[in-house]
Amino acid sequence: MEHFSTGRLTAERLREDHLADLVALHRDTEVSRYLGGVRPAETTRIYLGANMEHWDQHGFGLWVLRTKDGAFAGRAGIRHILVDDIDEIEIAYAFKREFWGRGLASETAIALTDIGLLHHKLPSLIGLVYVGNGASRRVLEKSNYLLERSTIRHGEDVVIYRIRR
């Protein structure tokens, strides 16, 4: 499933020509606050390569999100992630600041959940969120994810939400 759409967004499989949009997104201090901090362009280039490889290995991964008129809005996806030495599959999303507060993250989280659980028949998905990221926690709760536990990841306090098929 290389493309999908929601009521207000279109999504396309991550490609090399998305690098400039991702670099700009990852350089925004507010956007990156809960993504591990601002990333230099080279780090984003490596991130892009790793996530394109994830697609090749697993048949799913990150998508670039655009408004219906084609403006870059952010990125989102379903990907394998190692949490406390356990291979989990998480949904992830990050939007440009100008798109915050419009319900797009909830719209995207619901679409990602359907893709993961119904299309790919995954047994469960997680959302991994910094404890202080109340907005993202609310998105997961509205998307019927249940708080499972707390842990530490890269030295930060995080919580894990889960939804099962």
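Two strands count as paired when DSSP finds at least two bridges between them. The views below apply this to a predicted model.

**View 1. Strand 1 pairs with strand 2 in antiparallel fashion.** Strand 1 covers residues 3-5, and 3 bridges tie it to strand 2. The pairing criterion is at least two bridges, so the 3 bridges here make strands 1 and 2 a pair. H3 lies opposite E12, a residue of strand 2.

**View 2. Strand 2 is mostly covered.** This strand takes in residues 9-13. Of its 5 residues, 4 are buried.

**View 3. E156 sits in strand 8.** The strand runs over residues 156-164. E156 has a relative accessibility of 36%. Buried residues fall under 20% and exposed ones over 50%, so E156 is classed as partly exposed.

**View 4. Surroundings of E156.** Leaving aside residues up to four places away in sequence, E156 touches Y130 and T151. G36 is 120 residues from E156 along the chain. The C-alpha atoms of E156 and G36 are 9.0 Å apart.

Definitions and conventions: Residues are numbered from 1 along each chain as its sequence is written. This is a predicted model: local features need pLDDT of at least 70, side-chain atom pairs count only at pLDDT 80 or more; totals for chains, interfaces and linings use all residues. Side-chain values use heavy atoms; hydrogens and water are left out. Helices (H or I, at least four residues) and strands (E, at least two) are DSSP runs, numbered from the N terminus. Buried means under 20% relative accessible area, exposed over 50%, partly exposed in between (1.4 Å probe, protein chains only). Contact means heavy atoms within 4.5 Å.
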